[in-house]
Structures are given as C-alpha cells and as structure tokens.
Amino acid sequence: DVENELKKIPSTVLEKDIKGRQDFRDLVTVTIDGEDAKDLDDAITLEKNGNIWHLGVHIADVTHYVRENTALDKEALHRATSIYLVDRVIPMLPRKLSNGICSLNQGEDRLALSCMMEIDEKGNIIGHNICESIINVNERMTYTAVNEIITDSNEVTKQRYSDYIELFNNFKLVSELLRGARTKRGSIDFDLPESKVILDKNGKAVDIKPYERNSATKLIEDFMLAANETVAEDFFWQDLPFLYRVHENPDPEKIKSLAIFINNFGFTLRRKNDEVSPKELQKLLANIEGSDAEAIISRIALRSMKQARYDTSCIGHFGLAAKYYTHFTSPIRRYPDLQIHRIIKENIKNGLSERRTEHYRAILDGVALQSSQMERRAEEAERETVKYKKCEYMLKFLGEEFRGVISGVNAHGIYVELENTVEGMVRLYDLRDDYYEYIEKEYAVVGAATGKTYKLGQRVEVCVERVDKLLKTIDFIMLS
C-alpha cells in the first residue's frame, strides 16, 4: 500500500503546490549537516534590519506529501522514528521522500514550514511568524567546512565559500546571543563524549573516536532549540491540542545521592527541600570543567535526570530550563514533528474547527506514547550496534594494555572506559590480590584486608582479557 501511494508522489515541486505560500527563494539559504547525511530537514537564513536579526528556520513540509490516515502516514507512526545504526539508516519514511522530495537538497525548489524569528541584541526572541513557504537552498554545507570557516579560519575552505563568509560569521554571532540567553536562565549542557565508529567498505570496525561537537554543530543546535521553543510557546498560548517534548524535574532521592557523591570531590550542590534548579546543576558543570572528575560527575549527574518524552501537557523541559518546548525541526525522521506540522498548517489555513480540535485531542495521547516508546527502542538498538562494533574492533587488541578511567562500579565489578570511549569490565573475582566489597554510597570497591580502593573517576591501567561479540561484553584485567 505504501509503495502504491509513493508512485503518486511527484519528484519535483509542482506549480500548483506553491500557491498561497511565502516565497523565500531569493533569501540566501544554507543547510548544515554531517558529511554523510541524506535526509536534510532544516535550512537556515539570516538578515539584519537595524538592531534586529531576522533568523529563518525552514523545515521540510513533509505533511504536504504524507497525508493523515494514508498508508504512508500509518507506517510512519508505526515506526515513529528513523533509526541510525552504525552502518545504516532505517528511515521512518521511504527514501523517495526522506532523501528526495522532502529533503532540502541544494538547488531544488522545496516546500517548507518556516519559523521566522526576530532576535534583539541580547538574544531575546521578540517576535515571530510561522508560515508555509517555498525555499531553494543555495549551498549544502557540512559541519566540518563551517567549523573550518568560523573557528579555524582555514584559508582554503574560506576561499571555496568566499560568498558566504559574512553570513557564517553572523550565524555564529546570533548563535552565541541565543546560547547566552539560554545559559543565563540555567539551561544545562551535558557535553559527554559520544562514540564515532569508523567502518571500512565491508562494514568492519577499523577505528573508534570520540564524536566531537564543534561550533557548527552547536550553531545548528542553538537555532533549532530557538525554533522549537518559539513554536511550543505560540501553540501553548493558543490553547490548541499539541505535542510537547517534556523533561520532568529529577527525583529528589537521586539528587540527594548526587550531592553526597560530589562532596567526595570537594564540590557542593545547593538544594531547596531536596529539589534542585537547572541553574544549580549548570553551576556544578561549570565548576567541574577541566577537573579530573569532570567526565564522571557529568555522567552521574546525567543519570540523576529523568528521560525526556512526548506529552500533550506542556509541563516544561528541566534540562533546557524551558517552560515551553516541542519537536518541530525534524519531520523527516520523527513522527511528533510531522504530527504538529499537520496541526500548525491546518491552523494557519483555516483555524482548527471544534470537530478537528476534538479529533486531535482524541489521538494525541496515543501518538505521544507510541513516539516515546519507539524512541527508546531506537536508542537501545543504536547503543547495542555501537557496543557490537566496539567488541569487533577490540578483538584485535587481546592481551594489550590501555589507560582508562573507572566509569561505573557495582557488586559484580568495575567498569573502565578507555580514551577511545570503549568500556569494559574488571570482574571482582578477577581481582586476586584481596577480597573486594562494593560500597554503594561511595561508588567504590574496597579490599577487606588491604583497604585498597577503586572508585569512580580513578585513572587505571588495564589489559584486554576477553571479548565476546555476541554478548557484546569486554573483560579487562586490572594492572594498577
């Protein structure tokens, strides 16, 4: 059924589909994505008028092609998200849409839903307009190239994109304004190293590196967050049925444990009735920056948080210190974004009738639950394939020695993370020099006779003892 519906979808934008849309094709428009991305769902524009910046975040108008209750729509909801495994993408939408007519490809007319924001000199969004539009991307940029321009001042790259240098520097300026305003209110930025597994042409893991966030990735992040917040606040005050991205306050018990744990490192966390504000956590992360304990405290703090999810009630986003937040910017790969685009477009065109309002109220709780559950499943699958490839990579290092940091401790053993982000376990029964007991409150194991202690954040040397690809486990032997 999906295949049959696909045949009726055009490969180019039709003239009749442009009617009634704002035409932004004369604005200098760029996309900034990873080198290998093929589903480009966001493009950006920027102009200045007096002291006011006009930032445009243009998002692929997927719902123009994926209509409600079609086979395409039902399949998209069933999948609810694209899944990015180490060696492949399992897309939410067929590739004809995700890499074709919906993707904001360079030099092609594309239908979009645009959030045009006015930003003052302090980074406050003082006005906005959400509209259906038509755009045409001038340049498909990569994070690497943009970072080489705005951070490294690479002459070769600057020469190649000489027409856009001023635009990129202005992007950086506005991104810093927006981030400054967000930081001021207490938004938390967990900058934990993610893994990038490098594969050869046969799909075998040949290298593992920490995935670096740079100025260009942060810039896109800042603009997307701004658009997501703007759209969420707009629809909250219109009191229309909507899907929000929510992140509840952390559990007081977990915050209490975190406060006790960081005391061991000489840091404190101010709490009020066992509640903590995002600003306090932000201060903690600033205080630990550059210290030996940074990675470990960041990780424990992150584990103290609840998981973000989708909901029909706007209860705020703790991590971003935001009262209003939604997911608007990725309708090619996330169903909630697709769903709210439908509501936004209907509201722009004719306003929501009572019947349609009731219809959305009836279905949105189900959409929120399905999207949250499938997101968890996708994350789990992504994690598991990374673990599998890490094991495949480490097989060639059996018997070799590495330096690492203790990243976790439990009653069975000590987890050690190597500099390349690979994690393995030293089992307690493999520690032959003493009988070790797990002290939960101290996140440590202590030798009964010698008092020798292994605790979180400690630097150690290990040897690779066993690797099991099927179980996705790596066993180390402690050397120090």
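I count two strands as paired if DSSP finds at least two bridges between them, and I take helices (H or I, at least four residues) and strands (E, at least two) as DSSP runs numbered from the N terminus. The model is predicted, so that local features need pLDDT of at least 70 and side-chain atom pairs count only at pLDDT 80 or more, while totals for chains, interfaces and linings use all residues. Residues are numbered from 1 along each chain as its sequence is written, and side-chain values use heavy atoms, with hydrogens and water left out.

**Entry: strand E14 and its partners**

I looked up strand E14 (residues 401–409) and found that five bridges join it to strand E20 (residues 459–468), the two running antiparallel. Within this pairing, Phe402 stands opposite Val462 in E20. E14 also pairs with strand E15 (residues 413–418), in the antiparallel sense and over five bridges, and here I noted Tyr415 in E15 as the bridge partner of Gly408. E14 and E15 form a hairpin, with three residues between them.

**Entry: the sheet E17-E18-E19**

I next traced an open sheet of three strands, whose order is E17-E18-E19 and whose pairing is antiparallel. Its edge strands are E17 (436–439) and E19 (453–455), each of which pairs on one side only. On average, neighbouring strands of this sheet are turned by 20° against each other, direction ignored. Strand E18 (residues 444–447) is joined to E19 by three bridges, and Ala444 stands opposite Lys455 in E19.

**Entry: aromatic pairs**

For rings of Phe, Tyr and Trp (its six-membered ring), I call two a pair if their centres lie within 6.5 Å, with planes under 30 degrees apart counted as stacked, over 60 as edge-to-face and the rest as tilted. My search of the whole structure finds 13 aromatic pairs. One of them is Phe235 with Phe242, a stacked pair at 4.7 Å centre to centre and 10° between the planes; both Phe235 and Phe242 are buried, where buried means under 20% relative accessible area, exposed over 50% and partly exposed in between (1.4 Å probe, protein chains only).

The rings of Tyr436 and Tyr454 have centres 5.8 Å apart and planes at 45°, so I record this pair as tilted. It links distant parts of the chain, since Tyr436 lies in strand E17 and Tyr454 in strand E19, 18 residues apart. Tyr436 is buried at a relative accessible area of 5%, and Tyr454 is buried at 3%. I also noted a cluster in which ring pairs link Tyr164, Phe168, Phe171 and Phe223.

Axes here are lines fitted to C-alpha atoms, for helices over the stretch in contact, and angles run from 0 to 180 degrees between N-to-C directions. Helix H5 (residues 143–150) packs on helix H7 (residues 165–185) at an angle of about 90°, with the axes 10 Å apart, which makes H5 roughly perpendicular to H7 (under 35 degrees is roughly parallel, over 145 roughly antiparallel, 65 to 115 roughly perpendicular and the rest oblique). Taking contact as heavy atoms within 4.5 Å, I find that Val146, Ile149 and Ile150 in H5 meet Ile165, Phe168, Asn169 and Lys172 in H7.

The axes of H5 and helix H8 (residues 215–238) come within 7 Å and cross at roughly 105°, and H5 and H8 are therefore roughly perpendicular to each other. Here Tyr143, Val146, Asn147 and Ile150 in H5 meet Ser215, Ala216, Thr217, Leu219 and Ile220 in H8.
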